[in-house]
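Visitor: I'd like a quick tour of this fold before I set anything up. Could you walk me through it?

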Amino acid sequence: MDNKEPSGKKQIALNIVSSKRSKHTGFGAGSIDLNNVSPVIIDQGEAKVDVGAIHAKSKVEKGIKFSANREDVPNGRLVWVVWVAVDRTPEGQLYGGATACEMWIDTEARRGYKVLADHVNKLDAALKRKIILDGLTDEDKTALKELLVTRNEEWWEASSEELKKALEV
């Protein structure tokens with residue numbers, strides 16, 4: 001089978017660019033800048049930044065076969081991916097968006113459950129500076145807040161009251 005695109009058709013691609021000015025114009029000029037978003041994994045009460053989650057290759061996801069059927073993972077533990085977007089204002093930087101999406105992981109059985117569309121939509125929402133942290137337990141909220149404050153207390157102080165209220169315990 002020939003994998004070449006028919007001539008005349010433009011190939012669609014996802015462009016990820018840095019904050020440096022891009023000279024790219026024309027077809028596919030719209031870009032998603034992921035430089036200001038970090039994935040935080042909350043697993044068993046511990047929050048850690050794991051950049052591998054951007055490509056579904058975080059430490060907890062490696063070696064796991066995922067299903068979109070929750071019943072396929074009856075002995076799974078709940079693991080959260082929280083997309084945290086950093087915003088830049090004239091006053092400085094702050095945590096601008098934070099959204100949480102669940103995964104269920106059974107490490108022994110090497111099985112997992114997640115809804116990829118939910119992860120993508122929540123990433124998009126975080127980039128749009130939304131706060132959606134429904135489902136996080138008090139322990140999860142405490143771990144996430146502690147990580148954010150420890151990473152950069154100035155950013156935390158400058159963040160919205162909505163984010164601070166969402167992480168109150």
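Visitor: How many helices and strands does the chain have?
Guide: Helices (H or I, at least four residues) and strands (E, at least two) are DSSP runs, numbered from the N terminus. From that end the elements run β-β-β-β-β-β-α-β-α-α-α. The totals are 4 helices and 7 strands.

Visitor: What should I know about the model and its numbering?
Guide: This is a predicted model: local features need pLDDT of at least 70, side-chain atom pairs count only at pLDDT 80 or more, and totals for chains, interfaces and linings use all residues. Residues are numbered from 1 along each chain as its sequence is written, and side-chain values use heavy atoms, with hydrogens and water left out.

Visitor: What percentage of the chain is buried?
Guide: Buried means under 20% relative accessible area, exposed over 50%, and partly exposed in between (1.4 Å probe, protein chains only). Out of 169 residues in the chain, the buried ones make up 35%.

Visitor: Which residues of α1 are buried?
Guide: Helix α1 covers residues 116-127. Its face turned away from the buried side carries the exposed Leu116 and Asn121. The buried ones are His119, Lys122, Leu123, Ala125 and Ala126.

Visitor: What covers the buried residues of α1?
Guide: Contact here means heavy atoms within 4.5 Å. The cover comes from strands that include β1 (37-43), β4 (77-89), β5 (92-106) and β7 (131-132).

Visitor: Which residue stands opposite Ile42 in β2?
Guide: Two strands pair if DSSP finds at least two bridges between them. β1 and β2 (residues 46-49) run antiparallel, joined by 4 bridges. They form a hairpin with 2 residues between them, and Gln44 in the turn has a positive phi of about 55°. The residue opposite Ile42 is Ala47.

Visitor: And β4: which residue there is the bridge partner of Asp43?
Guide: β1 is mostly covered, with 6 of its 7 residues buried. β1 pairs with β4 in the antiparallel sense over 7 bridges. Within β4, the partner of Asp43 is Val79.

Visitor: Is the pair of Tyr95 and Trp155 stacked or edge-to-face?
Guide: Rings of Phe, Tyr and Trp (its six-membered ring) pair if their centres lie within 6.5 Å; planes under 30 degrees apart count as stacked, over 60 as edge-to-face and the rest as tilted. The structure holds 1 aromatic pair. Its ring centres are 5.7 Å apart and its planes stand at 75°, so Tyr95 and Trp155 are edge-to-face.

Visitor: How many residues apart are Tyr95 and Trp155?
Guide: Tyr95 is buried, at 5% relative accessible area, while Trp155 is partly exposed at 21%. Tyr95 belongs to strand β5 and Trp155 to helix α3 (residues 153-158), so to speak distant parts of the chain, and the separation is 60 residues.

Visitor: Over the face of which ring does Arg70 lie?
Guide: A charge sits over a ring if NZ of Lys or CZ of Arg is within 6 Å of the ring centre and within 35 degrees of the ring normal. Lys114 lies over Phe66, at 4.4 Å from the ring centre. For Arg70 the distance is 3.8 Å, and the ring is that of Trp104.

Definitions and conventions: The expected span of a helix is 1.5 Å times one less than its number of residues.
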